[in-house]
Amino acid sequence: MTRTFAVKSATDEMKEMYELVLKAQLAGIEALKPGAKCADVYKAAYDVLDEKNMAQYFRHGLGHGVGLEIHEGFSSSPRSRDTYEIGNATSVEPGIYLPEKFGIRIEDVCIVTEGGNENISTFNKQFTIL
């Protein structure tokens with residue numbers, strides 16, 4: 001589980017981009033279900049960022065298998081040929097990184113279930129200034 005916090009203050013741009021990354025993450029989580037292609041789940045999140053011309057700043061995969069190793073098994077990326085199956089544990093972690101400004105990543109771990117998925121990360125996702 002990963003969250004991004006602002007320290008002392010935040011610009012309107014930071015708040016707007018945080019909400020955009022959160023929207024992308026929620027789209028990825030919504031697309032996560034048994035039989036879904038990992039590349040399609042990635043695309044669900046990517047398309048949200050692309051609508052606001054921010055996809056160019058999304059420089060990594062959307063997620064990866066989680067098990068005995070931190071990164072294992074399948075990968076949710078545009079080139080992945082993997083498919084989600086019931087019982088898979090996966091991260092869903094879009095992020096954007098604006099050069100010379102800031103970066104934002106929001107990560108949860110979800111378990112693929114018969115009816116879709118269960119998000120086992122329960123920490124608050126509201127934008128927070130520390």
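**View 1. Charged side chains of the protein chain in the predicted model.** The protein chain carries 14 positive and 19 negative side chains, and the centres of these two sets are 5 Å apart. Residues are numbered from 1 along each chain as its sequence is written, and side-chain values use heavy atoms, without hydrogens and water.

**View 2. Secondary structure of the protein chain.** Two helices and seven strands are present, in the order α-α-β-β-β-β-β-β-β along the sequence. Helices (H or I, at least four residues) and strands (E, at least two) are DSSP runs numbered from the N terminus.

**View 3. Length of helix 1.** Helix 1 covers residues 12–31, and its 20 residues should span 28 Å at 1.5 Å a residue; the end C-alpha atoms lie 29 Å apart, which agrees. The expected span is 1.5 Å times one less than the number of residues.

View 4. Buried residues (under 20% relative accessible area, 1.4 Å probe, protein chains only) of helix 1 include Met17, Tyr18, Leu20, Val21 and Leu22. Ala24, Gln25, Gly28 and Ile29 are also buried. The buried residues pack against helix 2 (38–51) and strands including strand 3 (89–92) and strand 7 (116–119), where contact means heavy atoms within 4.5 Å. Of the 130 residues of the protein chain, 43% are buried.

Terms used: This is a predicted model: local features need pLDDT of at least 70, side-chain atom pairs count only at pLDDT 80 or more; totals for chains, interfaces and linings use all residues. Buried means under 20% relative accessible area, exposed over 50%, partly exposed in between (1.4 Å probe, protein chains only). Lys and Arg count as positive and Asp and Glu as negative; His and the chain ends are not counted. The place of a charge is taken as NZ of Lys, CZ of Arg, CG of Asp or CD of Glu.
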